[in-house]
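Reader: Please show me the sequence and the structure. I would like to ask some questions about them.

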Amino acid sequence: MNSSEAYARPTPTFRSELTRVGRGTPMGELLRRYWHPIGLSSDAGQTPKMVRALGEDLVLFRDRSGRPGLVYPRCAHRGASLLYGRVEERGIRCCYHGWLFNVDGQCLEQPCQPGAHPSAVRQPVYPVEERYGLIFAYMGPGDRRPLLPRYDVLESVPSGEFIEADDSSIGSGGPAIVPCNWLQHFENVMDPLHVPILHGTFSGPQFTDLMNLMPEVRFEASPNAVRSIQLRTLDSGRLHRRITEAVLPTVRAVANPRAQTEGPCSLLGWVLPLDDTSFRIYSAGRVKAPGDLGKIRSHFNGRLWSELTDEEHRRFPGDYEAQVSQGPITFHSEEHLARSDRGVAMLRSLLASQVSAVAGGENPGGVTFEPASEVIKITAGTQIITAAGGR
Ligand code: FES
Ligand SMILES: [Fe+2]
């Protein structure tokens with residue numbers, strides 16, 4: 001748009017193939033080829049819990065023999081919600097007529113009609129697995145189910161540390177459920193140039209002094225998706241090299257920007273689209289004491305996001321304000337991508353190519369079906385190097 005006359009602006013549009021996540025949509029089908037965290041392990045308990053993921057409402061529970069289950073809520077009999085079901089040794093029993101379903105969806109009992117053959121009835125379920133204190137679900141076609149990935153940075157845990165999970169969307173700055181499209185957050189992982197501006201001045205300084213310096217940035221394709229290499233020159237003349245990675249499909253590998261220490265990224269975040277216009281982040285990381293993960297929350301003028309007044313949210317905006325204010329789904333047609341957005345453009349184009357691959361019948365990148373090949377190597381982290389030491 002060359003004119004600045006607001007009246008003359010075209011009707012805005014967004015790229016639905018990259019943003020919408022429902023079943024049958026291009027991105028929804030791509031995302032359904034991967035495992036996604038849909039809760040903390042502790043969310044799967046004896047009281048059924050409604051969870052939302054990729055535009056679907058599902059009931060999460062754990063049977064009394066310890067197996068987590070994720071079921072379509074409407075009972076296969078006549079549709080009462082299994083949210084009101086009773087969790088038993090072998091599964092969940094519907095409150096209306098007592099049909100009992102196990103975590104695989106098999107109907108085991110129909111007490112209202114003795115002598116019937118309950119095995120003929122199946123309740124729709126999604127497979128789940130637990131890892132890193134999270135419950136992961138696979139919501140795609142059964143014959144394309146990959147192995148649940150492992151990540152090297154969470155597999156080798158030094159003594160004195162352990163893996164902790166968090167569901168409070170650390171990194172978004174705001175509340176656990178963030179009311180905008182998931183891609184607005186995920187592509188922010190490939191936007192390191194906003195750090196000295198938003199976090200260094202507007203909302204902060206929130207991170208270390210070093211992070212307030214404008215880095216020299218290079219973006220490159222990585223085996224996992226896209227990464228950025230950020231270099232900042234230290235007083236000593238040496239270089240601070242920070243690598244952040246976006247990992248297919250929605251994983252953030254971003255080292256804690258408040259940490260003063262060097263080393264590999266010890267924290268991963270999964271951006272879970274709840275639906276087209278909201279997301280949340282599940283995290284897992286190596287910690288030394290319980291609750292450490294939740295402590296890496298952003299502060300604004302020394303206070304937490306939830307403690308700020310409306311006026312302070314305007315004076316000290318953070319990631320939440322920047323991303324949510326782009327709108328429920330940002331208008332891509334109104335953007336002017338610049339050189340600094342090269343990482344965002346690369347990530348979008350990679351996602352678009354994966355959408356096409358799935359639509360064309362192929363498997364997307366980053367999935368694996370061969371046991372022992374499911375460990376994903378993360379290169380994110382920080383390092384001090386000499387100027388000659390590999391920019
Ligand atoms: S509606 Fe669930 S048992 Fe009848
Ligand atoms: Fe940010």
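Author: Here are some questions and answers on the metal site, the pockets, the cores and the backbone. This is a predicted model, where local features need pLDDT of at least 70, side-chain atom pairs count only at pLDDT 80 or more, and totals for chains, interfaces and linings use all residues. Residues are numbered from 1 along each chain as its sequence is written, chains are lettered from A and ligands numbered from 1 in the order in which they are written, and side-chain values use heavy atoms, with hydrogens and water left out.

Reader: Which residues coordinate the iron ion (ligand 2)?

Author: Donors are N, O and S atoms within 2.8 Å of the metal (3.2 Å for Na, K and Ca); water is not among the atoms, so sites may look incomplete. Here the donor atoms sit at 2.1 to 2.5 Å.

Reader: Why is the arrangement around the iron ion (ligand 2) irregular?

Author: Four donors count as tetrahedral if all angles lie between 85 and 135 degrees; four count as square planar and six as octahedral if opposite donors are over 155 degrees apart and all others between 65 and 115; anything else is irregular. The arrangement is irregular because the four donor atoms subtend angles of 56 to 157 degrees.

Reader: How are the donor residues of the iron ion (ligand 2) spaced in sequence, and how many residues apart are His-194 and Asp-319?

Author: The spacing is H-x4-H-x119-D. His-194 is in the loop between α4 (182-186) and α5 (195-202), while Asp-319 is in helix α8 (residues 319-324). Helices (H or I, at least four residues) and strands (E, at least two) are DSSP runs, numbered from the N terminus. This pair links distant parts of the chain, 125 residues apart.

Reader: Is Asp-319 buried or exposed?

Author: Buried means under 20% relative accessible area, exposed over 50%, partly exposed in between (1.4 Å probe, protein chains only). Asp-319 has 9% relative accessibility, so the residue counts as buried.

Reader: Which residues lie nearest the centre of the second largest pocket?

Author: On a 1 Å grid over the protein atoms alone, a pocket is an open set of points with protein on both sides within 12 Å along at least five of seven lines; lining residues have an atom within 4 Å of a point. This pocket is lined by 18 residues. Those nearest its centre are Asn-188, Asp-191, His-194, Gln-326 and Asp-341.

Reader: Which element gives the largest share of the lining of the largest pocket?

Author: The largest pocket has 27 lining residues. Among the elements that give two or more of them are β16 (239-247) and α6 (292-295). The largest share, three residues, comes from β20.

Reader: How many residues has the largest nonpolar core?

Author: A nonpolar core is a set of buried Ala, Val, Leu, Ile, Met, Phe, Trp, Tyr and Cys residues joined through side-chain atoms within 4.5 Å. Leu-70 and Trp-182 are among those with the most contacts inside this one. α9 gives the largest share, six residues. The core has 71 residues.

Reader: Which residues does a cis peptide bond join?

Author: Most peptide bonds are trans. In the cis bond here, omega is about 0 degrees. Pro-249 is in the loop between β16 and β17 (251-253). The bond joins Leu-248 and Pro-249.

Reader: What is phi of Ser-169 near?

Author: Most residues other than glycine have a negative phi. Ser-169 is in the loop between β13 (162-166) and α4. Its phi is positive, near 60 degrees.

Notes. On a 1 Å grid over the protein atoms alone, a cavity is a set of points where a 1.4 Å probe fits but cannot get out, and a pocket is an open set with protein on both sides within 12 Å along at least five of seven lines; lining residues have an atom within 4 Å of a point.
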